[in-house]
Amino acid sequence: MNMYEIIFYFFAFITVASASVVVFSRNIIYAAFSLLFTFFGVAGIYVLLNADFLAITQLLIYVGGILVLLLFGVMLTTNTVNIDIKSGSMNVLAAASVVAALAGLLGGVFWTSDWFVSKQMGELPAQTTSKEIGTALITTHVLPFEIASVILLVAIVGAAMMARREGIKSQIPSSK
Amino acid sequence: MEFFSPTDLLGSSPILALGLFSLIALLVNAFLKNSAGMVFYVSAVGIFVAIGCSIYTFPMNATAFSDMLLVGGYASFFSVLFLVIALFSMFIAKPYLEREQYHYGEYYVLILLATIGMVMLASSADLITAFLGIEMMSVSFYVLAGYFRGKLSSNESALKYFLLGAFATGFLLYGIALIYGTTGTTNLLRIVTMYPQPFNDPLHIIGWGLILIGFGFKVAAVPFHMWVPDVYEGAPTPVTAFMSTGGKAAAFSVFLMTFSVPMSMRDERLMTVLAVLAAASMLLGNWFGLSQTNLKRMLAYSSIAHAGYMIIGIASATPMGQQGIAFYLVSYALTNLGAFGIIAMMEKENGGNLNYEDYAGLGKRKPALAALLAMFMFSLTGIPPFAGFIGKYYLFASAVQSHMTWLAIFGVITSLFSTYYYLRIIVYMYFKEATNHEEIKLPGLTFATVILCGAGIVLFGIVPSLIFDLMKSIF
């Protein structure tokens with residue numbers, strides 16, 4: 001086992017362990033904080049894959065932005081801090097068997113197959129990717145790039161419409 | 001360095017037009033008071049402009065934006081279909097929303113934005129654009145399903161659709177990642193030139209399997225259909241009309257296009273998987289349809305069954321099957337828009353007047369309305385001379401052509417089940433006495449739309465060559 005693999009397994013362990021805390025924790029604050037380590041572990045794996053731009057973006061957007069927003073959301077919503085938010089589990093047996101089958105299938109295939117990229121791994125010199133990504137975003141991939149911004153517009157319009165105060169004729173009883 | 005060629009701009013012109021007009025509509029909505037009516041007209045103009053652009057690009061046969069978009073032919077045909085669906089569903093929505101006092105401009109803006117997603121789907125030659133199109137369409141649908149913010153059923157519908165839809169998107173994305181991992185590209189035109197080499201890789205096949213789950217969810221095929229009845233029932237009726245026609249047509253257009261890549265191998269296993277999916281959808285959709293009392297729910301199960309009929313066309317992997325799907329989508333869209341238009345007119349506040357009993361005696365109270373609804377039900381059953389018959393004929397024939405006769409027989413038998421619940425409404429309308437004598441108001445705009453839909457299914461049922469001639473240049 002070389003150094004590269006040790007570092008990989010270290011980050012992979014952090015990611016998986018903290019992700020399982022996110023799923024299994026009954027306290028929403030614990031869950032939100034362990035998400036921090038999940039994002040961090042994924043960012044580490046991106047660095048190992050020579051994807052420097054992706055790693056930085058992961059840290060900036062997920063850890064810096066989304067997670068902080070999530071924590072603020074949790075803290076500003078009254079009465080959620082100590083509440084047991086998890087509902088009971090249903091159809092455990094059926095779900096477990098489907099998940100096991102899918103995981104077994106994927107794992108088995110991953111184990112046996114030749115990856116397209118793996119042939120070139122190690123030959124590529126370490127270099128920054130941000131320049132290439134930037135060029136691709138305004139040349140070959142300009143359409144997806146622009147459309148992604150329109151999707152954000154849809155999300156904003158939708159959120160604003162859902163959240164506005166006026167004209168609500170509610171049949172939902174208020175929480176008081 | 002030149003960034004855009006004229007083909008790029010022309011090819012994306014329907015998307016650009018829709019985007020431009022949705023922004024104008026948004027600004028009008030923001031800066032003018034009580035502007036919902038104005039937004040309606042701006043959106044309608046936008047759709048007409050986009051239809052013009054799509055028709056203009058029809059003879060072209062090219063790709064735009066470095067092979068990201070298909071231009072002309074296939075893309076134009078489906079774009080016009082989605083645009084007409086969007087327009088009709090807006091016509092159904094306006095009187096309905098005014099009556100329910102929920103008439104806001106955002107509704108039309110979201111319809112336009114969802115339509116951009118649909119047009120992207122039909123034009124996508126790359127898995128990235130397909131994914132973005134699906135997301136754009138779905139996010140708009142999540143919001144539209146919850147448009148009646150004060151109604152519990154509408155909230156439930158939006159939340160269920162959102163959670164399950166996000167889950168299905170995960171499968172789609174995972175599949176795309178695996179295909180990229182095995183071929184090094186997401187471009188469909190490039191993947192197909194690499195065949196058959198990647199097809200020997202199990203990872204590649206699993207990638208397509210995961211994409212199949214994602215698309216199966218969007219077209220509402222069994223076993224990914226759980227969301228359909230609740231979402232269709234809870235969403236506002238014009239939204240259901242739009243989702244069940246536009247959403248399904250868009251999902252099928254991209255399903256057909258992307259799966260023409262692995263299906264070009266005519267792999268027995270993949271064909272069998274799709275055939276089983278089709279058979280399960282036809283059986284369960286029609287089976288559960290039998291026991292429904294609510295019309296919106298009944299049409300939801302019927303929509304599952306119709307997804308099954310159309311998957312036959314993909315499973316058979318013949319040009320006849322592909323043309324069959326395209327024709328079926330046109331006829332299904334017109335039929336369902338008409339049926340939901342009638343339901344929207346009949347509906348009373350808080351989801352009243354949606355059951356079979358409420359339609360008792362409609363044949364005497366509103367003869368024209370009853371006759372139109374009867375026509376739509378006949379077309380859904382697949383009785384000539386309506387368009388539904390021709391579509392079903394082509395799909396079943398394509399199954400026989402691909403040596404899957406059992407699938408065609410299965411389709412015919414399950415259609416027989418469906419006869420019961422489609423014709424039941426006709427029995428109620430013509431052979432039962434009316435119990436409810438409240439006056440039914442027929443708003444002109446919706447009624448005219450329903451008549452147009454009815455005329456459409458008769459026209460395409462009698463002269464199907466109008467569409468099939470167009471399709472000879474596409475497939």
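Which residues in helix 11 of chain B meet which residues in helix 12 of chain B? The first view of this predicted model takes up that question.

**View 1. Helix 11 and helix 12 of chain B in contact.** From helix 11 of chain B come B:F255, B:P262 and B:M263, and they meet B:L270, B:M271 and B:L274 of helix 12 of chain B. The residues of this contact divide into six nonpolar, no polar and no charged.

**View 2. B:S253 and the residues it touches.** Here we stay with helix 11 of chain B, where B:S253 lies. B:S253 is buried, with a relative accessible area of 0%. Leaving aside residues up to four places away in sequence, B:S253 touches B:Y74, B:F78, B:F82, B:L121 and B:A122.

**View 3. The interface of chain B and chain A.** In this view, 46 residues of chain B are in contact with 35 residues of chain A. About 3,600 Å² is buried between the two chains, and carbon and sulfur atoms give 77% of that area. Several helices of chain B each supply at least two residues of the side that touches chain A, among them helix 2 (13-31), helix 5 (106-123) and helix 7 (152-183). The largest share of that side, nine residues, comes from helix 6 of chain B. By class, the side of chain B that touches chain A has 28 nonpolar, 12 polar and six charged residues.

**View 4. A salt bridge between B:D67 and B:R190.** The side chains of these two residues meet at 3.7 Å, N to O. B:D67 sits in the loop between strand 1 (62-64) and strand 2 (69-71) of chain B, and B:R190 in helix 8 (residues 188-194), so the pair ties together parts that are 123 residues apart in sequence. B:D67 is partly exposed, at 24% relative accessible area, and B:R190 is partly exposed too, at 42%.

**View 5. B:K160 and B:E156 in helix 7 of chain B.** A salt bridge joins their side chains at 2.9 Å, N to O. The two residues are four apart in the helix, which means a separation of about one helical turn. B:K160 is partly exposed, with a relative accessible area of 31%, and B:E156 is partly exposed at 38%. Widening the view, B:E156, B:K160, B:D230, B:E233 and B:R297 are linked in a network of salt bridges.

Conventions
Residues are numbered from 1 along each chain as its sequence is written. Chains are lettered from A and ligands numbered from 1 in the order in which they are written. This is a predicted model: local features need pLDDT of at least 70, side-chain atom pairs count only at pLDDT 80 or more; totals for chains, interfaces and linings use all residues. Side-chain values use heavy atoms; hydrogens and water are left out. Contact means heavy atoms within 4.5 Å. Ala, Val, Leu, Ile, Met, Phe, Trp, Tyr, Cys and Pro count as nonpolar, Asp, Glu, Lys and Arg as charged, and the others, Gly among them, as polar. Buried area is the accessible area (1.4 Å probe) that two parts lose on being put together, summed over both. Buried means under 20% relative accessible area, exposed over 50%, partly exposed in between (1.4 Å probe, protein chains only). A salt bridge is a side-chain nitrogen of Lys or Arg within 4 Å of a carboxyl oxygen of Asp or Glu.
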